[in-house]
Amino acid sequence: MNQPLKQTKLYQWHVDQGARLVPFAGWEMPVQYPTGPLEEHRLTRRSAGLFDIDHMGQIIVTGADAAAYLNQLVTWDICLLAENQAHYALMCYENGGIVDDVFIYKLPGRFMVVVNASNLAKDFQWMHEHLANYQATITDISAETYMMALQGPRAIELLQTLTSANLATMPRFSALEDKLNGIPTIIGRTGYTGEDGVELFFPAEHALTLWQAILDGGASSGIEVKPIGLAARDSLRFEPSFPLYGHEISADITPLEANLGWSCKLEKDFIGQAALLKQKAQGLAKKLIGFEMVEKSVPRQDCPVISTNGQAIGAVVTGLYAPTVDKYCGHAFVPPAYAEIGTKINIVIHDKPKAAIVVKRPFYTPSYRKY
Amino acid sequence: MKLDLNAKYQTSHEWVRPDGDQMVCGISDYAQNSLSDVVFIELPDVGKLLKQGDVFGTIESVKAASDLYMPLSGEIVEVNEAISDALQIINNDPYNKGWLIKFKPTNMVEWDKLLSGKDYKKAVEAEG
């Protein structure tokens, strides 16, 4: 503990722009800019938001057994990935609890595993422990690789002004490697906001150049774009119901409980498979729900959830004001008996039970995205 | 840090100033800036009698919740209804359109114990 916080190569830029910086996962990160988190959220939904997410980790897997090695570690079936395709997956413990959620890119000659900043050291250690018997090599390239995201309905249009690669024809969850403003970049059509957009990986020394080129590109093409801090990143990921480690997922929560069964191929072998099959057969003790406050109040993480007859049934894992849906809402874990849509529950906020109702997730899907 | 020099302050960051024979109260510019975007507010019922230092409401931003404390004893005569659907007014104009409550003071001796704008600023700066 008490290690000095790490700073991204854009730290001074953030400070100069009047950003508020906070400790996050061992990094000193911008939580908001003078624009404010609500406007940052809305700007990303209506045009484009630029995110410094260099705190996130990237681990490269190579070798003859790279696919087989990764496949035993994660819930998704890596064999289903075509080259230049990416997919969401979970790494589980034997008991089905979650080590981390990851995005796996199958790139020419290698896999790239994108992991959470808070879990990078743990993930690398876990991956290292399971290398035996495989002809595979894992390399943490986080330090020399910069990661940014450009998200929003106009993100692709804006990024297109900086590259000759045809971005419009890129399918969602695909990747390509090309020059962006002259900088060799892995462009993934992925993100954590529910919007269209990209995540970018490139040599770290170009961080400031590319960041500024994207902002300038917006100015010169008349596309509104601004930097977005962690506070808006949280509300942007919440509305489309994307999980955040330490909230919707953790070592004490399984993918099935977190409604992430869609990212698990239970018929293939992986660490945690047996536990998940057993849990599926036996039924869940708790399940992730989305809820909306009926009585206006802001639910927060750890607020108790009680049934309408006063019984303690769970706790809030994420709670906030959701700017796009304009409601106070959250995620909580409750027994399946209380997980039906329309179930009336109470959230205890500042020691007072407040009425809420179980609603369908996600809270928000962009209108241009039909799936 | 913007100040209204006609108002007095307390270290819990509420301002209060005379408004006819009533008092009007809100949160300081420093407070709204520290809180960041306000997303929820709970204000008392009109007619409620409160003592100096009593909690009269709660204000919540994207990340934090704070109680609001009565700067003076009094009876609530009005709450700002205009902000309930436009909470950004509190961030944009904390000393004027972003006022929170009006009350009839019951003990004006308490007024003298409140901080002047200058002293409030000093207290905030000492807090770091």
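**Close-up views of a two-chain predicted model**

In chain A, the centres of domain 2 and domain 3, taken over C-alpha atoms, are separated by 33 Å. This is a predicted model, in which local features need pLDDT of at least 70 and side-chain atom pairs count only at pLDDT 80 or more, while totals for chains, interfaces and linings use all residues. Residues are numbered from 1 along each chain as its sequence is written, chains are lettered from A and ligands numbered from 1 in the order in which they are written, and side-chain values use heavy atoms, with hydrogens and water left out.

**View 1. The domains of chain A.** Domain 1 of chain A covers 11-56 + 143-238, domain 2 covers 57-140 and domain 3 covers 285-371. These bounds come from an automatic or database domain assignment.

**View 2. Where chain A meets chain B.** Here 16 residues from chain A and 18 residues from chain B take part in the contact, with contact meaning heavy atoms within 4.5 Å. The size of an interface is often given as the accessible area lost when the parts come together. For chain A and chain B the buried area is about 1200 Å², 45% of it on carbon and sulfur atoms; buried area is the accessible area (1.4 Å probe) that two parts lose on being put together, summed over both. On the chain A side, A:Arg20, A:Arg300 and A:His350 lose the most area to chain B, together 36% of what that side buries.

View 3. How many salt bridges does the rule find between chain A and chain B? There are three, where a salt bridge is a side-chain nitrogen of Lys or Arg within 4 Å of a carboxyl oxygen of Asp or Glu. A:Lys354 forms a salt bridge with B:Glu42, and their closest N and O atoms are 3.3 Å apart.

**View 4. A:Leu43 in helix H2.** A:Leu43 sits in helix H2 of chain A; helices (H or I, at least four residues) and strands (E, at least two) are DSSP runs, numbered from the N terminus. With a relative accessible area of 1%, A:Leu43 is buried (buried means under 20% relative accessible area, exposed over 50%, partly exposed in between; 1.4 Å probe, protein chains only). Not counting residues up to four places away in sequence, A:Leu43 touches A:Ala48, A:Glu224, A:Val225, A:Lys226 and A:Ile228. A:Leu43 and A:Ala155 lie 112 residues apart in sequence, with 11 Å from C-alpha to C-alpha.

**View 5. Two residues with positive phi.** A:Asn181, in the loop between strand S10 (175-180) and strand S11 (183-188) of chain A, has phi near 55°. A:Asn181 is partly exposed because its relative accessibility is 34%. In chain B, B:His13 has phi near 80° and belongs to the loop between strand S1 (8-9) and strand S2 (14-19). Is B:His13 buried or exposed? At 15% relative accessibility, B:His13 counts as buried.

View 6. The peptide bond from A:Arg361 to A:Pro362 is cis, with omega near -5°. A:Pro362 is in the segment after strand S19 (352-359) of chain A.
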